Amino acid sequence: MNWLFTTDRPIYVQIVELIQRMILSGFYPMGSSIPSVRVLALEAGVNPNTMQKALAELENMGLLHTMRSSGRVVTTDQWLIMQLRDGIVNNYVENYFSGMLSLGFDRNAAIEQFWTKANGDAVFDSDLDATTETDFADSDRTEEPTEV
Amino acid sequence: MNQVNPAYPLLQTQNLTKTFGNITALYNVNIIVPPGRIIGLLGPNGSGKTTLIKLVSGLLTPSDGQIWINGIAPGPKTKTLVSYLPDKLYFDSWMKVRDCVALFADFYTDFDRSKATDMLTALGVDLKQSFRSLSKGTQEKVQLALVMSRQALLYLLDEPIGGVDPASRDYILETIIRNYNEQGTVIISTHLIYDIERVLDDVIFLMNGMIERVSSVDEIRYQTNKSVDEVFREVFRC
């Protein structure tokens with residue numbers, strides 16, 4: 001795990017996001033126990049108090065629970081994990097749209113670009129299906145000026 | 001092992017002032033430091049960092065004001081509570097590294113000899129070498145390893161990473177984290193804020209012998225969206 005921190009936000013906030021990502025990606029599977037504060041702090045190269053604060057925040061979110069016998073374990077609440085993952089997916093999608101908007105693409109044009117690029121990549125992988133789809137997308141694009 | 005008396009802050013100063021002739025090195029410094037923290041003492045050259053550390057360690061006496069280490073004024077009693085790393089090298093030139101280790105073992109009952117030798121080995125220091133023959137950076141590493149191998153309540157580290165290479169710097173910071181316990185507090189004076197920021201709870205900014213601010217690292221980042229390093233450069237811009 002690579003613990004890289006940016007300088008513009010509190011470190012514990014960034015740790016919360018990183019560990020959340022490790023849980024959502026299955027690096028720490030549901031119900032598994034995570035390393036102790038001390039071990040995690042050393043791994044991340046941060047102050048143990050900072051790590052403690054981040055883990056407390058993850059407990060508040062319900063992603064971690066403290067077990068008397070096995071320390072902190074990852075939640076088994078699938079619904080919660082799905083919700084969080086969905087929230088992050090929403091962020092990615094919104095980031096895409098706002099990035100494209102800054103280049104002058106409206107929402108529909110951005111979606112069209114997305115498909116063009118996604119299918120363009122597919123040309124290299126599999127030949128026939130992808131080519132027809134690319135053709136379709138290209139013909140779509142040539143139609144646009146007549147609409148405007 | 002030393003025990004904290006929870007009735008008192010680990011370190012407190014009140015109206016602490018130190019003058020050298022007509023130069024005021026520290027003026028009216030009031031700080032309260034709880035146990036279990038790692039604190040950066042930051043300020044430009046000549047801002048009073050070393051003076052403050054020397055006052056707390058009992059090497060200087062205040063011109064005015066007071067100091068308490070867990071409720072006790074600096075003196076023979078507090079020498080067992082405080083582990084101090086000076087900004088100078090102080091081992092005699094005839095000594096081998098193992099003599100330095102033996103000296104610490106003689107002097108301090110809270111000294112953990114095996115911890116020290118483990119650290120020195122990890123840093124690639126040969127115990128049989130003479131202290132004088134080591135490079136300046138390695139000499140600093142030896143002193144720091146000895147100071148950190150005591151079970152003190154308050155560690156005062158005056159520029160512990162200034163002279164060492166980045167890889168050893170990482171090892172030293174790791175050592176400080178590994179050594180962390182809820183009772184002890186580490187105060188680190190340094191210019192190299194960028195390297196050390198991740199391990200700090202709080203920072204004290206000293207400016208011309210006065211406290212410019214005391215804040216947690218998180219708070220600075222929240223309020224400014226900048227790292228402590230960047231804020232430092234703004235506050236102390238020449």
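User: How many residue pairs are in polar contact across the interface of chain B and chain A?

Analyst: This is a predicted model, and in it 14 residue pairs, both at pLDDT 80 or more, are in polar contact across the interface of chain B and chain A.

User: Which helices of chain B supply residues to the side that touches chain A?

Analyst: Helix 6 (166–178) and helix 8 (217–224) of chain B each supply at least two residues of that side. By class, the side of chain B that touches chain A has 7 nonpolar, 4 polar and 9 charged residues.

User: And how many salt bridges are there between chain B and chain A?

Analyst: The count there is 1 salt bridge. Lys53(A) pairs with Asp218(B), and their closest N and O atoms are 3.0 Å apart.

User: Okay, how much area do chain B and chain A bury between them?

Analyst: About 1,700 Å², with 50% of it on carbon and sulfur atoms. Ile177(B), Arg198(B) and Arg221(B) supply 39% of the area that chain B buries against chain A, more than any other three residues.

User: How many residues of each chain are in contact?

Analyst: The contact involves 20 residues of chain B and 21 residues of chain A.

User: Let's switch to chain A. Which domains is it divided into?

Analyst: Chain A has domain 1 (11–76) and domain 2 (80–138). The contact with chain B takes 9 residues from domain 1 of chain A and 6 residues from domain 2 of chain A.

User: What do the two domains of chain A bury between them?

Analyst: Domain 1 and domain 2 of chain A bury about 670 Å² between them, 71% of it on carbon and sulfur atoms. The side of domain 1 of chain A that touches domain 2 of chain A consists of 5 nonpolar, 3 polar and 1 charged residues.

User: Now confidence. Where is it lowest and where is it highest in chain A?

Analyst: In chain A, helix 6 (residues 128–147) is lowest, at a mean of 46, and helix 3 (residues 48–60) is highest, at 95. Over residues 130–148 of chain A the pLDDT is below 50, and this stretch has 10 contacts in the model beyond near neighbours in sequence. The mean pLDDT of chain A is 83, with 80% of its residues at 70 or more.

User: What about chain B, and what does the model score overall?

Analyst: Chain B averages a pLDDT of 91, and 100% of the residues score at least 70. The model scores ipTM 0.76 and pTM 0.82.

Terms used: Residues are numbered from 1 along each chain as its sequence is written. Chains are lettered from A and ligands numbered from 1 in the order in which they are written. This is a predicted model: local features need pLDDT of at least 70, side-chain atom pairs count only at pLDDT 80 or more; totals for chains, interfaces and linings use all residues. Side-chain values use heavy atoms; hydrogens and water are left out. Contact means heavy atoms within 4.5 Å. Buried area is the accessible area (1.4 Å probe) that two parts lose on being put together, summed over both. A salt bridge is a side-chain nitrogen of Lys or Arg within 4 Å of a carboxyl oxygen of Asp or Glu. A polar contact is a pair of N or O atoms within 3.5 Å; within protein, one must be able to donate a hydrogen and the other to accept it, and residues adjacent in sequence count only if both atoms are side-chain atoms. Helices (H or I, at least four residues) and strands (E, at least two) are DSSP runs, numbered from the N terminus. Ala, Val, Leu, Ile, Met, Phe, Trp, Tyr, Cys and Pro count as nonpolar, Asp, Glu, Lys and Arg as charged, and the others, Gly among them, as polar. Domain bounds come from an automatic or database domain assignment. pLDDT is the predictor's confidence in each residue, from 0 to 100.
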